[in-house]
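Please consult the sequence and the structure shown below while reading.

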Amino acid sequence: MTSATDPSPLPATPRLIATDLDGTLLRDDKSVSDRTIAALAAAEEAGVEVFFVTGRPARWMDVVSDHVHGHGLAICANGAAVVDLHAGGKLLEVRALERETALDVVTILRGAAPGTSFAVETTTGIHYEPDYPPFHVDPGATVATAEKLLHEERLGEGAPVIKLLAHHPELTPDGFLTLARTAAGDLASFTRSSPTALLEVSGLGVSKASTLALCCAQRGISSDEVVAFGDMPNDVEMLSWAGTSYAMGNAHPDVIAAASGRTVANNEDGVAVVIEQILAQRAESSEAV
């Protein structure tokens with residue numbers, strides 16, 4: 001494991017930087033520091049594309065929408081959606097969780113972990129059960145059982161489901177994740193990014209990594225040309241896929257194990273620290289030629 005203070009793990013010519021937001025690029029107060037803003041702009045000016053890759057839905061991307069350059073694209077909902085931030089979060093691609101599959105997952109988790117409550121994130125908003133803790137209150141949300149929410153329109157019609165959320169009031173976060181993957185991992189992709197026992201369920205095979213790989217393939221960019229940053233289990237696949245990856249100083253142990261390097265914490269601008277080193281190394285290489 002190498003550190004961001006050691007220049008040896010830095011790729012000579014990265015073409016794309018992929019960064020998580022919460023706990024990674026953003027400080028704990030959800031702000032983007034001036035140092036980070038400058039580093040992102042410098043990377044784009046140097047010809048390195050920057051992709052925000054987050055568990056957030058498109059409607060929560062205003063925190064970084066002013067700081068996206070060039071292509072304007074972001075990967076949201078753990079890979080379930082690709083959006084154009086230059087066009088106000090317009091959906092360009094959706095990798096939906098089929099409603100019938102979501103219903104099967106609900107049934108299985110109700111049996112495996114009694115007390116689980118659910119929310120359904122669609123391309124148009126979030127809806128949740130009466131017992132589900134609404135971490136971000138949405139005045140347009142429908143409150144009903146998950147079975148009703150998922151049957152609200154006939155299967156195959158209505159707004160696509162991009163994420164099913166499952167919350168348990170007593171289980172540990174990692175314990176709940178392991179239980180869910182064991183019980184229903186053959187039906188859908190399970191991950192988490194919250195410090196609470198809140199699981200995020202996507203279509204089978206949908207992850208930050210798989211959607212990022214598709215976006216890179218469209219640009220002729222290989223995994224070896226990607227530098228990725230993250231802090232929570234929903235970043236593990238992306239960090240494992242990228243040629244160079246950094247766990248934040250505040251990262252989950254599974255993230256540290258998956259990444260090829262470490263940087264300082266999000267509140268210390270760990271992403272900016274690495275970007276600055278990459279650009280400095282590139283400048284030195286150019287001067288030496």
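Does Glu284 count as buried or exposed, and what is its relative accessibility? Glu284 counts as exposed, at 54% relative accessibility, where exposed means over 50% relative accessible area, buried under 20% and partly exposed in between, with a 1.4 Å probe and protein chains only. The model is a predicted one, in which local features need pLDDT of at least 70 and side-chain atom pairs count only at pLDDT 80 or more, while totals for chains, interfaces and linings use all residues. Residues are numbered from 1 along each chain as its sequence is written, and side-chain values use heavy atoms, with hydrogens and water left out.

**Overall form**

- Nine helices and 14 strands make up the secondary structure of the chain; helices (H or I, at least four residues) and strands (E, at least two) are DSSP runs numbered from the N terminus.
- The chain is as compact as a globular protein of 289 residues, because its radius of gyration of 19 Å is close to the 19 Å given by the globule rule. The radius is taken over C-alpha atoms, and the rule is 2.2 Å times the number of residues to the power 0.38.
- The C-alpha trace spans about 65 × 35 × 35 Å along its principal axes.
- Of the 289 residues, 53% count as buried.

**Aromatic pairs**

- The structure holds two aromatic pairs, a pair being rings of Phe, Tyr or Trp (its six-membered ring) with centres within 6.5 Å; planes under 30 degrees apart count as stacked, over 60 as edge-to-face and the rest as tilted.
- One of them joins Phe229 and Tyr246, which are stacked at 5.6 Å centre to centre with 20° between the planes.
- This pair links distant parts of the chain, since Phe229 belongs to strand E12 (residues 226-230) and Tyr246 to strand E13 (residues 244-247), 17 residues apart.
- Phe229 is buried at 0% relative accessibility, and Tyr246 is buried with a relative accessible area of 0%.

**Individual residues**

- Glu284 is placed in helix H9 (residues 270-288). Glu284 and Glu268 are 16 residues apart in sequence and 25 Å apart in space, C-alpha to C-alpha.
- Lys30, in the loop between helix H1 (21-25) and helix H2 (34-45), has a positive phi of about 70° although it is not a glycine. Lys30 is partly exposed, with a relative accessible area of 40%.
- Asn78, in the loop between strand E4 (73-76) and strand E5 (81-84), has a positive phi near 60° and is a residue other than glycine. Asn78 is buried, with a relative accessible area of 3%.
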